[in-house]
Amino acid sequence: MKIVKTLVVIFVLLLPVIIFENPTYVELNDLAIIRGVGVSCGKETNLYLKEIIPTKGETGITYQYEYYQGAGKDVSKALEKINLKTKKKLYLSKVKFLVTDCTKSNHIMNDFELKHIKVYHVQDDVLKELKKITNLIYKLLPSRVIFF
């Protein structure tokens with residue numbers, strides 16, 4: 001009788017795992033933490049994502065950046081193309097600013113579900129301005145601070 005009770009308890013405890021499966025687990029190294037988004041409107045929508053990569057060195061923490069670029073008829077199509085190209089999972093919850101040359105940016109913020117971010121409307125090259133704005137922000141920060 002004890003064996004049957006033990007088996008029933010084990011089955012009941014494992015039932016949620018069987019029904020709902022294991023949650024998707026992603027290593028931190030497999031995440032692309034995106035801090036800045038750039039959108040250029042024209043005949044085609046160009047999307048630029050700037051990944052921040054903190055690295056620990058002898059002098060403290062330094063930041064390296066990697067850029068992802070995709071083009072499509074709208075922002076969601078460009079994002080799909082970037083997702084197909086990258087090996088990392090894009091983590092967009094930490095986006096702090098948007099650089100765009102579009103006349104309206106509300107639809108971009110809705111597509112990415114961005115709230116409380118700084119929006120820069122520029123007339124120059126969006127990628128160039130994305131690099132400049134990001135570099136200015138991180139030069140002002142102390143080297144020991146990481147924002148995650």
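First, the basis of the work. This is a predicted model, in which local features need pLDDT of at least 70, side-chain atom pairs count only at pLDDT 80 or more, and totals for chains, interfaces and linings use all residues. Residues are numbered from 1 along each chain as its sequence is written, and side-chain values use heavy atoms, with hydrogens and water left out.

Let me turn to the strands. Helices (H or I, at least four residues) and strands (E, at least two) are DSSP runs, numbered from the N terminus; two strands pair if DSSP finds at least two bridges between them. β1 and β2 run antiparallel and are joined by six bridges, and they form a hairpin with four residues between them. β2 also pairs with β3, residues 60–72, again in the antiparallel sense, over 13 bridges.

I move now to the interior. A nonpolar core is a set of buried Ala, Val, Leu, Ile, Met, Phe, Trp, Tyr and Cys residues joined through side-chain atoms within 4.5 Å. Buried means under 20% relative accessible area, exposed over 50%, and partly exposed in between, with a 1.4 Å probe and protein chains only. The largest such core has 20 residues, and those touching the most other members are Ile 34, Val 37, Val 39, Leu 47, Leu 49 and Phe 112. At least two residues of this core come from each of β1, β2, α2 (75–85) and α3. A second, separate core has seven residues, among them Tyr 48, Val 122, Val 126 and Leu 130.

Finally, the disulfide, defined as a pair of cysteine sulfur atoms within 2.5 Å. The whole structure contains one. Cys 41 and Cys 102 form this link, with their sulfur atoms 1.6 Å apart. The pair links distant parts of the chain, 61 residues apart: Cys 41 lies in the loop between β1 (31–40) and β2 (45–57), and Cys 102 in the loop between β5 (97–100) and α3 (106–112). The link is right-handed, with 80° about the S-S bond. Is each cysteine buried or partly exposed? Cys 41 is partly exposed because its relative accessibility is 35%, whereas Cys 102 is buried at 5%.
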